[in-house]
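I opened a notebook page for this structure.

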Amino acid sequence: MPGILLVEDSEIFRDALKEVLKQRFPHVIIEEASNQRTAIEKATALSPDLIVMDIRLPDGDGLSLTKKLIQILPTTKVVILTSYDINEYRQAAQMNGAIGFLIKGEVTSEELMDEVERILKMSEPQNNE
């Protein structure tokens with residue numbers, strides 16, 4: 001079963017995002033983490049297809065965490081979802097292995113759900129009949 005890990009320190013934003021995801025993808029396991037330590041624990045337990053990562057976390061930054069998690073789980077895709085539309089962050093996200101960089105407040109929920117769907121389809125086993 002596909003899995004998504006939401007790494008976001010704002011409980012309100014995380015809960016709202018989880019509800020939207022559950023409505024669009026009822027068959028997907030969705031886990032949450034509010035800090036790096038919990039994110040690493042949940043990611044290694046779940047091996048999610050997708051991690052939606054905030055940049056600023058209470059115990060570090062999501063950019064270095066992205067690199068660490070991709071080293072541990074090389075098939076997992078990471079999309080950065082942040083309030084900080086800074087070119088240096090975009091570059092760092094790409095250098096650390098993120099496949100997407102979305103800005104809170106600019107990306108619509110529909111655009112976000114389309115991106116999640118695209119990534120989940122990338123993770124599906126290919127049927128070679």
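Entry 1. I noted the scale before using it: buried means under 20% relative accessible area, exposed means over 50%, and partly exposed lies in between. The model is predicted. I looked up Tyr84 and found 30% relative accessibility, so Tyr84 counts as partly exposed.

Entry 2. I searched for aromatic pairs and the count came to 1. The pair is Tyr84 with Tyr89: the ring centres are 6.3 Å apart and the planes stand at 90°, so I wrote it down as edge-to-face.

Entry 3. Which charged end sits over the ring of Tyr84? I found that of Arg56, 4.0 Å from the ring centre. I also noted Lys104, which lies over the face of Phe13 at 4.6 Å from the ring centre.

Entry 4. I turned to the sheet. It is open, has 5 strands in the order E2-E1-E3-E6-E7, and its pairing is parallel. Strand E2 (29–33) and strand E7 (100–103) each have a single partner strand, so they form the edges and one side of each has no neighbour in the sheet. On average, neighbouring strands are turned by 20° against each other, direction ignored.

Entry 5. I checked the link between E7 and strand E6 (residues 77–82): they run parallel and are joined by 4 bridges. Opposite Ile103 in E7 I found Thr82.

Entry 6. I looked up the helices on the sheet. Helix H5 (residues 109–123) touches E1, E3, E6 and E7, and its direction makes about 170° with that of E6. Helix H3 (residues 62–72) lies across strand E1 (3–7), strand E3 (50–53) and E6, and runs at about 165° to E3.

Conventions:
Residues numbered from 1 in each chain as written. Predicted model: local features only at pLDDT ≥ 70, side-chain atom pairs only at ≥ 80, totals over all residues. Heavy atoms only, no water. Phe/Tyr/Trp six-rings, centres within 6.5 Å; stacked < 30°, edge-to-face > 60°. Buried < 20%, exposed > 50% of the residue type's maximum accessible area, 1.4 Å probe, protein only. Lys NZ or Arg CZ within 6 Å of the ring centre and 35° of its normal. Pairing = 2+ DSSP bridges. Helix = DSSP H or I, 4+ residues; strand = E, 2+ residues; numbered from the N terminus. Axes fitted to C-alpha atoms, helices over the stretch in contact; angles between N-to-C directions. Contact = heavy atoms within 4.5 Å.
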